[in-house]
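Me: Please take a close look at one part of this model, the place where its chains meet. Keep it brisk.

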There are 2 protein chains.
Amino acid sequence: MKQRITFITLGVADLNTSIDFYENKFGWKRSEMSSGDIVFYELNGISLALYPLNELAKDATVDAGGSGFKGFTIAHNTRSEEEVNTLIQSLREKGVQIVKEPQKVFWGGYSSYIVDPDGNLWEIAFNPFLKMDE
Amino acid sequence: MKQRITFITLGVADLNTSIDFYENKFGWKRSEMSSGDIVFYELNGISLALYPLNELAKDATVDAGGSGFKGFTIAHNTRSEEEVNTLIQSLREKGVQIVKEPQKVFWGGYSSYIVDPDGNLWEIAFNPFLKMDE
């Protein structure tokens with residue numbers, strides 16, 4: 001099995017609310033694959049998909065009920081500590097909830113967390129040990 | 001904010017159990033960034049990290065409690081329907097729980113779902129509309 005991921009799909013309570021978050025707070029642009037039922041954002045070699053939570057559970061043939069910590073985080077790394085600060089400040093001004101303010105962390109990086117409308121945790125961080133291609 | 005994801009981190013109940021799953025069932029190889037506390041798998045431009053659930057919640061400054069559907073799925077796409085069948089059969093033989101058997105689905109693809117030891121849902125699918133670079 002190749003070490004490959006093609007999509008991360010987030011099950012969302014309300015598609016329009018999530019679209020507003022990813023397009024107006026993050027400023028992302030959806031890909032042409034998107035429709036009125038599912039929205040895709042093409043990232044660095046993978047896509048993030050937004051799909052109604054109930055439909056996602058149905059597709060996976062599991063119960064849609066769930067609560068609390070989802071047990072995963074998604075990280076968006078920047079090229080500097082300053083870029084973390086600027087991004088967090090910009091998101092704050094757009095009304096995004098900052099869960100953890102930018103701070104130096106034990107592993108040597110500089111990290112913060114925000115949440116999307118469904119409680120999905122995004123880490124916004126600078127990792128001095130990480131090589132980023134672009 | 002660039003359309004970029006650097007890491008997906010899964011909070012795991014037992015690191016060794018999860019390592020066994022990703023290395024002996026999926027057959028993945030960890031990257032050199034890994035330590036005894038956190039394990040990374042380098043994928044197509046992003047990395048999957050395994051980190052103890054309680055530590056992940058602590059890092060994000062949220063409560064670690066949660067249950068039920070986690071509201072997200074990760075997709076691994078193949079190049080053919082046959083490849084889905086072969087992969088699912090191989091995973092089944094290694095004791096992996098198949099949540100949804102491979103089948104044609106409404107959007108024109110061929111899809112199945114499995115779970116990892118923490119209930120994270122992986123979709124193993126062939127999407128005839130998807131262009132894959134490698």
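How many residues of chain A are in contact with chain B, and how many of chain B with chain A?

Reply: This is a predicted model. In it, 47 residues of chain A contact 47 residues of chain B. On chain A, several elements give two or more residues to the side that touches chain B. The strands among them are E1 (7-12), E2 (39-42), E4 (66-68), E5 (72-78) and E6 (98-104). Helix H2 (53-59) of chain A is on that list too. E5(A) gives the most, with six residues. By class, the chain A side has 25 nonpolar residues, 16 polar and six charged.

Strand pairing also crosses between the chains. E1(A) pairs with strand E5 (residues 72-78) of chain B. The sense is antiparallel, and the pairing runs over four bridges. One residue pair can be picked out: A:Phe7 has B:Ala75, in E5(B), as its bridge partner.

Now a residue for context within chain A. A:Glu83 sits in helix H3 (residues 81-93) of chain A. A:Glu83 has 15 C-beta neighbours inside 10 Å, so it counts as partly exposed. The buried class would need 20 or more, and the exposed class 12 or fewer. Setting aside neighbours within four places in sequence, A:Glu83 is in contact with A:Thr78 and A:Phe126. A:Ala125 is 42 residues from A:Glu83 along the chain, yet their C-alpha atoms are separated by 8.8 Å.

Key:
Residues numbered from 1 in each chain as written. Chains lettered and ligands numbered in written order. Predicted model: local features only at pLDDT ≥ 70, side-chain atom pairs only at ≥ 80, totals over all residues. Contact = placed C-beta atoms within 7 Å. Nonpolar A, V, L, I, M, F, W, Y, C, P; charged D, E, K, R; others polar. Pairing = 2+ DSSP bridges.
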